[in-house]
Amino acid sequence: MISVEHRLAIDDLFADYGAYLDGDRLEDWVELFVEDCVYKILPRENVSLDLPVSLILCENKNMLRDRTVSLRQANEYSVHTDKHLISNVRIKGPAAAGGYAVEANYAMYQADNEGNGSLYSFGTYVDEVVFAGDGPKFRAKTVIVDNWSIPHMLSTPI
Amino acid sequence: MISVEHRLAIDDLFADYGAYLDGDRLEDWVELFVEDCVYKILPRENVSLDLPVSLILCENKNMLRDRTVSLRQANEYSVHTDKHLISNVRIKGPAAAGGYAVEANYAMYQADNEGNGSLYSFGTYVDEVVFAGDGPKFRAKTVIVDNWSIPHMLSTPI
Amino acid sequence: MISVEHRLAIDDLFADYGAYLDGDRLEDWVELFVEDCVYKILPRENVSLDLPVSLILCENKNMLRDRTVSLRQANEYSVHTDKHLISNVRIKGPAAAGGYAVEANYAMYQADNEGNGSLYSFGTYVDEVVFAGDGPKFRAKTVIVDNWSIPHMLSTPI
């Protein structure tokens, strides 16, 4: 169904995804998406109730670029560092428009600039991954947040 | 010792295990076990002291089915959603009765219906996995809970 | 760039790393390093500021052995059990002195002897892995701790 090479390349994609966000490499993070992409963050409750409201919605790569520029220039959020643990990567099968439907679970921890850390967010990525010439990229990424009542404002991507 | 295909299939088994529990797909979760299976949850302290008392003990698949029916019908536990992060999958070698002895670590987070989340349980799965016609299944799964003093009652499986 | 076999063997190395520490198998843990190794623990802040101060620094395997003996004999730290979740393993490429540059994220939970558990540390391993006759070993492991303001004293390795 999926070759070992494709599968391990998808694992790599998730590892890069976490590393770029955790390392504040937002511009590299954007490059993990194809041009015609969708990125959104949804509370799990909204998914259960089939409500369409997103916490964040970017409907193409330019919107991701805009968001990155905005984070760089209007840097008003509290300083923190992130750490993503991504596991349970599941290749669910071929996606409707080609590529693979893939899910993975994540836990994301944050530390402030005094080194105090805590669990920030956990949930599931529901994604579509396509293989282009230079490896896999995200065509769609939906972050479904279990603990959507997050005590801090959402600023950087999850 | 173990083929790449078997190894990745075992990774998939753990990913399905987490996804079925997290998605409240208990009936699918039961199907990850063979008929002649054992599922139990033990406090880590009991393992260290070699005490046999389990928090949960199901000695065959029918007991797992009963438990699922009971959870569906006598649904008295507080509403919550689970999220499993399973990693550090270790193929320890051939199991005594065929198949593989496999361990993995887990952290499980819970959120209530207002979106408040926290760490619920962490520990190690000590398992036996066998390959049948349609892929790997659990013959034995022992959940060894490090934080056995869990502040909520144990209801759904870990 | 890296064979499937080498890559899976590196995954195994990290799984053993966690299992030996979590299982208090410190002597086995030492054997995951080559003789001419470096093991250190750094606060993430120090890395950002390019400060060289380590929380722990062992500059060869004998120093790791000494540390293990010291932990066994001068066992004054509070009793606890650890659980490592290691994920996002990234093969970054060939290391300067041969082998592979590898990164991975970790979260480490602790439980006390009454079964109360909590998040203890999270961060990133920045490592060099070499393949000797009997499989991969660590030549260098730098533990970069995001939540370096840890409420307990650092005793056992991370």
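Tutor: Chain A can be laid on chain B by a turn of 120 degrees with a shift of 0.0 Å along the axis, giving an RMSD of 0.0 Å; copies are superposed by least squares on the C-alpha atoms of residues with pLDDT of at least 70 in both. In chain A, the C-alpha nearest this axis belongs to A:Ser87, 3.7 Å from it. Chain A is likewise superposed on chain C by a rotation of 120 degrees with 0.0 Å of shift along its axis, at an RMSD of 0.0 Å. The two copies are therefore related as by a three-fold rotation axis. For that axis, A:Ser87 again has the nearest C-alpha in chain A, at 3.8 Å.

This is a predicted model, in which local features need pLDDT of at least 70 and side-chain atom pairs count only at pLDDT 80 or more, whereas totals for chains, interfaces and linings use all residues. Residues are numbered from 1 along each chain as its sequence is written, while chains are lettered from A and ligands numbered from 1 in the order in which they are written.

Between chains A and B, 20 residues of chain A are in contact with 20 residues of chain B (C-beta atoms, placed from the backbone, within 7 Å). On the side of chain A that touches chain B, two or more residues come from each of α1 (4-22), α3 (44-48), β3 (81-94), β4 (100-111) and β5 (117-132) of chain A; helices (H or I, at least four residues) and strands (E, at least two) are DSSP runs, numbered from the N terminus. β3(A) gives the most to that side, with 5 residues.

Within chain B, 6 strands form an open sheet of mixed pairing, in the order β2-β1-β6-β5-β4-β3 (two strands pair if DSSP finds at least two bridges between them). β2 (56-58) and β3 (81-94) of chain B stand at the edges with a single partner strand each, so one side of each is left without a neighbour in the sheet. The partner β4 (100-111) pairs with β3(B) in the antiparallel sense over 11 bridges, and B:Ile91 stands opposite B:Val102 in β4(B). Helix α1 (4-22) of chain B packs on the sheet, touching β3, β4, β5 (117-132) and β6 (135-145) of chain B, and its direction makes about 155 degrees with that of β3(B). Axes are lines fitted to C-alpha atoms, for helices over the stretch in contact, and angles run from 0 to 180 degrees between N-to-C directions. Helix α4 (61-73) of chain B also packs on the sheet, touching β1 (33-43) and β2 of chain B, with its direction at about 65 degrees to that of β1(B).

Notes. Contact = placed C-beta atoms within 7 Å.
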